[in-house]
Amino acid sequence: MGNVPDSMFKKLTQNYDVEQTNLNQIIAEKRNVLMEMENAAIDISAWQKQYTNTDKLDRRIMTTLIDSVEVHESTKENGVVRQHITVNYKFVGQLIE
């Protein structure tokens, strides 16, 4: 086996150094994203504990949990009036029965 010429070795090591710098930057960015996601998971867990054992629904809880409420046109079938209501929850959307 022969030796690699100095010019080719310099070019290869320069490319390697640039690639390592880029990869280290990507790793740092991914670690930051992961830490943010872990912190968000902790926040959601604390939030969940606060609202899972609620006995009474008040305005503060409603504005925290519900994004919007849609009241649809009422219909009458066999003398029974039906009103369809859609509740859009924050973070989860609609809960389908």
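Let's start with the loop between β2 (75–77) and β3 (80–82), where we find N78. Helices (H or I, at least four residues) and strands (E, at least two) here are DSSP runs, numbered from the N terminus. Most residues other than glycine have a negative phi. N78 is not a glycine, yet it has a positive phi of about 50 degrees. Is N78 buried or exposed? N78 is exposed, at 82% relative accessibility. In this talk buried means under 20% relative accessible area, exposed over 50%, and partly exposed in between (1.4 Å probe, protein chains only).

A word on what you are looking at: this is a predicted model, where local features need pLDDT of at least 70, side-chain atom pairs count only at pLDDT 80 or more, and totals for chains, interfaces and linings use all residues. Residues are numbered from 1 along each chain as its sequence is written, and side-chain values use heavy atoms, with hydrogens and water left out.

Now let's step back to the whole chain. The protein chain has two helices and five strands, and along the sequence they follow the pattern α-α-β-β-β-β-β. How much of the protein chain is buried? Buried residues make up 5% of its 97 residues. The accessible surface comes to about 9,300 Å², and 54% of that belongs to carbon and sulfur atoms. Those areas come from the Shrake-Rupley method with a 1.4 Å probe; for residues, only the protein chains shown count as cover.

Next, please find strand β4, residues 85–89, which holds T86. In a regular strand the side chains alternate between the two faces of the sheet. In β4, T86 and N88 make the covered face, while I85, V87 and Y89 make the uncovered one. T86 is buried, with a relative accessible area of 10%, and N88 is buried too, at 11%. Which side chains do these two touch? The T86 side chain makes a polar contact with the side chain of H84, at 3.3 Å, and the N88 side chain makes one with E70, at 3.0 Å. A polar contact is a pair of N or O atoms within 3.5 Å; within protein, one must be able to donate a hydrogen and the other to accept it, and residues adjacent in sequence count only if both atoms are side-chain atoms.

And who is the partner of β4? Strand β1, residues 66–71, pairs with β4 in the antiparallel sense over five bridges; strands pair if DSSP finds at least two bridges between them. If you look along this pairing, V69 stands opposite V87 in β4.

M62 and Y89 are 27 residues apart in sequence and 9.4 Å apart in space, C-alpha to C-alpha. M62 counts as partly exposed, at 31% relative accessibility.

Last stop, helix α1, residues 6–52, where M8 sits. M8 is partly exposed, at 47% relative accessibility. Together, V4, M8, F9 and L12 make a nonpolar surface patch of about 400 Å². Like charges are joined within 9 Å, and nonpolar side chains (Val, Leu, Ile, Met, Phe, Trp, Tyr) within 5 Å.

How values were computed
Patches are made of residues with over 30% relative accessible area and no salt bridge: like charges are joined within 9 Å, nonpolar side chains (Val, Leu, Ile, Met, Phe, Trp, Tyr) within 5 Å. A salt bridge is a side-chain nitrogen of Lys or Arg within 4 Å of a carboxyl oxygen of Asp or Glu.
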